[in-house]
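Dear colleague,

Please find below the structure that I am handing over to you, together with its sequence.

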Amino acid sequence: MSYVPQIKIPATYMRGGTSKGVFFNLTDLPKEAQVAGEARDNILLRVIGSPDPYGKQTDGMGGATSSTSKTVILAKSNQADHDVDYLFGQVAIDKPFVDWSGNCGNLTAAVGSFAITCGLVDKKRVPDNGIAVVRIWQKNINKTIIAHIPITNGQVQETGNFELDGVTFPAAEVKVDFVSPVDPSEAMFPTGNVVDDLSVPGIGTFKASMINAGIPTVFLNAKDIGYTGTELQEAINSNADALERFETIRAYGAIKMGLINDISEAAARQHTPKVAFVSEPESYVSSSGKNIDAQSIDLNVRALSMGKLHHAMMGTAAVAIGTASAIPGTLVNLAAGGGEKNIVTFGHPSGTLKVGAEVSNINGQWSVNKVTMSRSARVLMEGTVSIPGDCF
């Protein structure tokens, strides 16, 4: 019996923020995968090592967590006043499924540097020394993101002294602006309310702020669901019943937000919406053993991604947190003390994160002009990935 050989695809393995993913230049992919469809999904699944019933992704590049089961495809942008198109695929670990419904804010920090290195950004826009401003078109959600990439001697500078909780080693700071993360034609609050009663059959009715900014997110009060808001991963991820409750809450939140029409559709939309719970500032010890003092934060936030409590905070969820904190009356804003705010520092399982938001209210309708945060990024490995030639 004969077997087909493996094929090699140029790729770069990068860390962006508190996530890792495999980055591709669109033109380096096999021709069948240069367009959306089954072939592309099958290739990415095989690269990452999914579906894996063992939940380890041993036979692929994935790290068996939502933060490390990610893929990125970049291309020179056809959008006016943009440099690069950024397409993100969240790869399920134990299912043959790639979710294209949302963005990854953490990996956004790596998009600019990869685009510059690959020649997708006009050389005239990259200084010999200073900051290169990379204009990113996020294709999953059709939004603009601006990444500020440090350049030294004509090369992307990756090393530095910027520390990001959730990442072990310091690196160069990358400032990221999420520009108008909610289109004026869209409803930031799909229900029309900053706080709703979310009824979840068999579980209960909870106060919820459901916002579409960065990524659709359902915010709950920690105390309403039996938590303090200072939990680390083990407290939730080791509890199958708790994870099932959160998934049920997420599914009914998706219906309430108009993202799906029936509860059965939630399984095919694992990446969105996110579920997060908030609490007033309270001291705790982070997953690295760092003491987080209540006086150093405005609130605590914990968020779930792909069915598990995230080890830090998703960048897109941080956009939602920053936006919601700036709008009086949301659960996020109230947990942070209420009133008008344009910057908050929140505690997450790995430490803290500061995020700023510029919002406005015109004729009773909230809009957000920009959300800003700092991340870092670094190339971990570059070369080729190998996959069996018959996998697609």
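Which residues in H2 are buried? They are Gly-105, Asn-106, Leu-107, Thr-108, Ala-109, Ala-110, Val-111, Gly-112, Ser-113, Phe-114, Ala-115 and Ile-116. Here buried means under 20% relative accessible area, exposed means over 50%, and partly exposed lies in between (1.4 Å probe, protein chains only).

Before the details, a note on the basis of the values. This is a predicted model, in which local features need pLDDT of at least 70 and side-chain atom pairs count only at pLDDT 80 or more, while totals for chains, interfaces and linings use all residues. Residues are numbered from 1 along each chain as its sequence is written, and side-chain values use heavy atoms, with hydrogens and water left out.

Helices

Helices (H or I, at least four residues) and strands (E, at least two) are DSSP runs, numbered from the N terminus. Helix H2 covers residues 105–117 and bends by about 30° at Val-111; the bend at a residue is the angle between axes fitted to the seven residues ending there and the seven starting there. The helix is mostly covered, with 12 of its 13 residues buried. Just after H2, Gly-119 takes a positive phi of about 80°.

Helix H5 (residues 315–325) is also mostly covered, since 11 of its 11 residues are buried. Among them are Gly-315, Thr-316, Val-319, Ile-321 and Ser-325.

The largest pocket

A pocket is defined on a 1 Å grid over the protein atoms alone, as an open set of points where a 1.4 Å probe fits, with protein on both sides within 12 Å along at least five of seven lines; lining residues have an atom within 4 Å of a point. Grid points are joined across faces, edges and corners, and a volume is the space filled by probe spheres set on the points.

The largest pocket holds about 810 Å³ of space. Its lining consists of 37 residues, and Thr-65, Ser-66, Ile-93, Met-306 and Lys-308 lie nearest the centre. At least two lining residues come from each of strand E2 (19–25), strand E4 (84–91), helix H3 (233–237), helix H4 (240–256) and strand E17 (308–309). H4 gives the most, with five residues.

By residue class, the lining divides into 12 nonpolar, 17 polar and eight charged residues. In this scheme Ala, Val, Leu, Ile, Met, Phe, Trp, Tyr, Cys and Pro count as nonpolar, Asp, Glu, Lys and Arg as charged, and the others, Gly among them, as polar.

Salt bridges

Side chains of opposite charge can pair when their charged atoms come close. With a salt bridge taken as a side-chain nitrogen of Lys or Arg within 4 Å of a carboxyl oxygen of Asp or Glu, the count comes to eight.

One of these joins the side chains of Arg-46 and Asp-59, at 3.3 Å from N to O. Arg-46 lies in helix H1 (residues 38–48) and Asp-59 in the loop between H1 and strand E3 (70–76), so the pair ties together parts that are 13 residues apart in sequence. Arg-46 is partly exposed, at 31% relative accessible area, whereas Asp-59 is exposed, at 58%.

Asp-197 and Lys-207 also form a salt bridge, at 2.9 Å from N to O. This pair links distant parts of the chain, with Asp-197 in strand E10 (residues 196–200) and Lys-207 in strand E11 (residues 204–213), 10 residues apart. Asp-197 is partly exposed at 42%, and Lys-207 is partly exposed at 41%.

Asp-83, Arg-125 and Arg-135 are linked in a network of salt bridges.

Polar contacts

A polar contact is a pair of N or O atoms within 3.5 Å; within protein, one must be able to donate a hydrogen and the other to accept it, and residues adjacent in sequence count only if both atoms are side-chain atoms.

Ser-376, in the loop between strand E20 (365–375) and strand E21 (377–388), is buried at 1% relative accessibility. Its side chain and that of Arg-15 are joined by a polar contact of 3.1 Å.

Asn-300 is found in strand E16 (residues 299–305) and is buried at 0% relative accessibility. The side chain of Asn-300 reaches the backbone oxygen of Glu-282 at 3.1 Å.

Asn-361, in strand E19 (residues 351–362), is partly exposed at 37% relative accessibility. The side chain of Asn-361 reaches the backbone nitrogen of Gly-364 at 3.0 Å and that of Gln-365 at 3.3 Å.

With kind regards
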